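Thanks for coming. Please have the sequence and the model open while I talk.

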Amino acid sequence: LTLSTLRYLAGNEVANAKYFWLHQIATPYAGGLKLSGIASILSSFQIKDRSDAQRYLSLLHQYAAFVHSMGDVLKEQHRRGIILPNVESDASAAVFLGYAKLASAGTFSVADARLHALASSERSDFHARSGTIVSSELAPALKEVAAYLNGSYREFAPRGVGLSQYPGGREYYQYLIFASTTLTTTPAALHATGLREMEKLNAQLDAVRKEVHFFGSLRSFKHFLATSPQFFPKTTPQFGERLELYVRRSAQAAPSFFLHLPKTPYDVEPLPKALAGSQTFGYYNPPTAARPKGSYLYNAWHPERTSALGAGALICHELIPGHHFQIALQQENTTLPEVRHYDFSETGFLEGWGEYASQLCWDMGVYRTPYDRAGRLMQDLMSSTRLVVDTGMNSMGWSLQRGRAFMRENLTITESQINSESLRYSTDLPGQALAYKSGELAMLDIRADAKRRLGKSFDIRRFHSWLLDSGSMTLDTLRAHVNYEIEQAKKPAP
């Protein structure tokens, strides 16, 4: 399993070098997550002595240098004609300005409670030096990249979106399909799978429509789900409370479906307000040595635009039994070699598990009302729509407007979410969104095969141990791994 993982990782490194200039690094997701990851390290950095204090100051210098390097890459991409459309430049500039505001507001100042190992005079010197680095290096670097994105970078910007418009873009997209899904497939096959899944899910949603005695069409029902005030919280904390409800339900049911539960704690927290405009839904922040807790950071700063319809499906994907279970268990697994202990590069496994976990919550009893089920179906429709729109805009010549119209017709997310998500697929992280549904379908197929071959001896708790106990891997490797476990299970007990 480790050899297979190393081959996959090494192949990705070679390809990343080959396609370096086609890879966007300053966009809301691709760049924003890098910036937030570094900020998270700094905010939890432990200062136990003078050398730690010096290292923290060095890291601040390096953070500013890293931001400058992002600007350098943008300039060279521009010279090569690999330029973001203006609509994405707007979103990218907003991210850098948001982090500049966080820096200026004191995000990187270290509280005295974290400096107890330093003398009083040393603390004062540390505060002065760190403040100078932030104000004279880091904040200006972030503002500089934003100014470039809003300025001369826009010259010769394309009107269209998607990788196919750039030299070598089609080849790069085919590589991204493998890198993200870990499967050998084509844009056309994924596109067809998405359309087929959408047809099936729409039929299931129509059954929910009849169950709640909604007498309009399915399209009208989707509009109702997207706009009815009953699905929108009044305040940001209310949205968090709704998420907590499903956290409790899922946690209560988990022992019946898993042999091993993570020891690492978890919670839900609001996303920093300055980042609300750049993240559609929020994201899972995994545990670190300095902050041993997994958190789902939710974006509900505009509750009037943030539906809680899919809150249950969201928690099952992001926290329990989704990303937190998979990531925390892998981090806690001391039998894995270091290279696999903290590596989560196999997006098809990672996001596939998140979606598999979300559908598992049907069986776990998390979705107890027709609208809970409608929320999960709409999330599933979202994953299936991604197969269609991502391949459409990156491989089949779809315009941004066509992609957004398709999403608008089939989903219940808001206009701002459609705008953000469509840019994510077409210009920010092409191919990444393909991993969700394709990974879920692969895991469901592996489970169906295990049930067929094991019959009455199939144990869902043992099956989930097969999926999680050996860490993340490519989906083809996972299939071979489960095949091995099935054969071992079929042998007579000694």
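First, the ground rules. This is a predicted model, so local features need pLDDT of at least 70 and side-chain atom pairs count only at pLDDT 80 or more, while totals for chains, interfaces and linings use all residues. Residues are numbered from 1 along each chain as its sequence is written, and side-chain values use heavy atoms, with hydrogens and water left out.

Let me begin with charges. Side chains of opposite charge can pair when their charged atoms come close. By salt bridge I mean a side-chain nitrogen of Lys or Arg within 4 Å of a carboxyl oxygen of Asp or Glu. There are 28 salt bridges in the structure.

One of them is between E171 and K18, whose closest N and O atoms are 2.8 Å apart. What does this pair tie together? E171 is in helix 6 (residues 169-181) and K18 is in helix 1 (residues 2-18), so the bridge connects parts that are 153 residues apart in sequence. Helices here are DSSP runs of H or I with at least four residues, strands are runs of E with at least two, and both are numbered from the N terminus.

Are these two residues buried or exposed? I call a residue buried under 20% relative accessible area, exposed over 50%, and partly exposed in between, using a 1.4 Å probe and protein chains only. E171 is partly exposed at 42%, and K18 is exposed at 58%.

Next, E197. Its salt bridge with K200 has the closest N and O atoms 3.1 Å apart. E197 and K200 are three residues apart in helix 7 (residues 187-211), which means about one helical turn separates them. E197 is buried, with 9% relative accessibility, whereas K200 is partly exposed at 42%.

E197 also forms a salt bridge with K437, at 3.3 Å from N to O. This second pair links distant parts of the chain, with E197 in helix 7 and K437 in helix 17 (residues 434-454), 240 residues apart. K437 is buried, at 1% relative accessibility. Which residues belong to the network? Salt bridges with shared partners join E197, K200, E355, R376, D380, K437 and E440 into one network.

Now the sheet. Strands of a sheet pair through backbone hydrogen bonds, either parallel or antiparallel. I count two strands as paired if DSSP finds at least two bridges between them. Here three strands make an open sheet in the order 1-3-2, with mixed pairing. Strand 1 (266-270) and strand 2 (282-285) are at the edges with a single partner strand each, so one side of each has no neighbour in the sheet. On average, neighbouring strands are turned by 15 degrees against each other, direction ignored.

Strand 1 pairs with strand 3 (residues 294-298) in the parallel sense, over five bridges. As an example, V268 has Y296 in strand 3 as its bridge partner. Helix 9 packs on this sheet and touches strand 1 and strand 3, and its direction makes about 165 degrees with that of strand 1. For such angles, axes are lines fitted to C-alpha atoms, for helices over the stretch in contact, and the values run from 0 to 180 degrees between N-to-C directions. Contact means heavy atoms within 4.5 Å.

On to the two single residues. L245 is in helix 9 (residues 236-253) and is partly exposed at 29% relative accessibility. Its C-alpha atom is separated by 9.6 Å from that of V366, which is 121 residues away along the chain.

S36 lies in helix 2 (residues 30-43) and is buried, with a relative accessible area of 12%. Which residues does S36 contact, leaving aside its neighbours within four places in sequence? They are Y99 and Y283.

Last, the disulfide. A disulfide is a covalent bond between the sulfur atoms of two cysteines. The criterion used is a pair of cysteine sulfur atoms within 2.5 Å. The structure has one, and it joins C316 to C361 with 2.2 Å from S to S. The link is left-handed, with -105 degrees about the S-S bond. C316 is in helix 10 (residues 311-318) and C361 in helix 13 (residues 347-363), so distant parts of the chain, 45 residues apart, are linked. C316 is buried at 0% relative accessibility, and C361 is buried at 0% too.

That is the end of my part.
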